Amino acid sequence: MILKIAVLSGDGIGPEVTKQSIKVLKSLGKKFNHKIELESGLVGAVAIDKYNDPYPDETHQVCLNSDAILFGAIGDPKYDNDPKAKVRPEQGLLKMRKKLGLYANLRPTKVFESLLEMSPIKEERISGTDILFVRELTGGIYFGERGRKDNDNFAFDTCEYNRDEIIRIAKIGFEYAQKRSSKLCCVDKANVLEVSRFWRETVSDLHNKNFSSQELSHMLADNAAMQLVIDPNQFDVILASNLFGDILSDIAATLTGSIGMLPSASLNEKNVGMYEPCHGSAPDIAGKYLANPLAMILSLSMAFRYSLNLDSLADELDKAVRCLISNGARTKDIANESTFLKTSEVAKELIEILK
Ligand code: IPM
Ligand code: MG
């Protein structure tokens, strides 16, 4: 098979972790006789530097020509500290999500039993946790009307959803729940927000109509934040709008011990997906060989599964990562001792296991 992969390394630790995932991809391609065609594109701060646009048309074309997109990270402190900056790296990610129609964001949050001691909560609470976040990614307050008025004395962002947007993401939630424990928890703030009441109503209607054999529950987002910390094992699939999904998936990620291990997939109607580690650009450790490449490598595994129809490769890669971790391979973020592996050493060990 020919695998056409777009490589958008981005900023900070993005390039170093992406590089390792490409090594793994090439090694698997060789082993299973797939021809890998890579094409790279600029995104984020590096794209602003060159094109004054964090997601230029050139990059969009590269994405359109690919079967799957590997995305490193974006963000640069020089923009974070400047509230007046006209263009920001993050706008590139939002523009990309919108232009490619990547409305379904999957964030599997599964703990590695050999890393339980890294969790900030008690081992017995986190042990066994395996949650799939299904986050709506192209609507809500991220994309509603926003602006300033009254001579710059007033600012607003609007949370907007139409019925179809809710139904299509809820369907994804129910479909994945069906493949797991058939339990879906829909998170909102229906006690305050009209949009949330609309979510509840729409998701419940869909449940009654098409997915009534599954268990649907609703939970307020603030309670969900608390419940995730107290008893993460009560959840299986969590369905959330854009902003709640953003926040809650970070809470859950932290519970697993390191955000450096968690992958994500963002899918559109055609399952052309963008695969991205949940961590950000981590500028403080960029270029120091400290980054954990496993979130990016596990994102590659999601690309095999969701865009490339290569489930067996995904299984093989997931298994190899588990083996690597139980063998004790650790980057700094998951190391308890002062000795740890460099970014590239982790990939090298993983490739040995895969061979
Ligand atoms: C994420 C990130 C992005 C988001 C930022 C970088 C725009 O936090 O993917 O979770 O808020 O969606
Ligand atoms: Mg986030």
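Predicted model: local features only at pLDDT ≥ 70, side-chain atom pairs only at ≥ 80, totals over all residues.
Me: Where does E276 sit, and is E276 buried or exposed?

Reply: Buried means under 20% relative accessible area. E276 lies in strand β12, residues 273–277. E276 is buried.

Me: What is the nearest side chain of opposite charge to E276, and how far away is that side chain?

Reply: A salt bridge needs a side-chain nitrogen of Lys or Arg within 4 Å of a carboxyl oxygen of Asp or Glu. For E276, the nearest side chain of opposite charge is R97, 4.2 Å away. E276 has no salt bridge.

Me: Which residues does E276 touch, leaving out those up to four places away in sequence?

Reply: On that count E276 touches F71, G72, L93, R97, P263, S264 and S299.

Me: Now the helices. At what angle do α1 and α12 pack?

Reply: Helix α1 spans residues 14–32 and helix α12 spans residues 311–326. They pack at about 125°, with axes 12 Å apart. Because of that angle, α1 is oblique to α12. The crossing of α1 past α12 is right-handed.

Me: Which residues make the contact?

Reply: From α1, they are V24, L28, K31 and F32. From α12, they are L313, E316 and L317.

Me: Last one. Where is N223, and what is its relative accessible area?

Reply: Partly exposed falls between the buried and exposed cut-offs, 20% and 50%. N223 is in helix α9, residues 221–230. Its relative accessible area is 27%, so N223 is partly exposed.

Me: How far apart are the C-alpha atoms of N223 and K189?

Reply: They are separated by 9.6 Å. Along the chain, N223 and K189 are 34 residues apart.

Key
Residues numbered from 1 in each chain as written. Chains lettered and ligands numbered in written order. Heavy atoms only, no water. Helix = DSSP H or I, 4+ residues; strand = E, 2+ residues; numbered from the N terminus. Buried < 20%, exposed > 50% of the residue type's maximum accessible area, 1.4 Å probe, protein only. Lys, Arg positive; Asp, Glu negative; His and termini not counted. Contact = heavy atoms within 4.5 Å. Axes fitted to C-alpha atoms, helices over the stretch in contact; angles between N-to-C directions. Parallel < 35°, antiparallel > 145°, perpendicular 65-115°, else oblique. Left-handed = near helix turned anticlockwise from the far one by under 90°.
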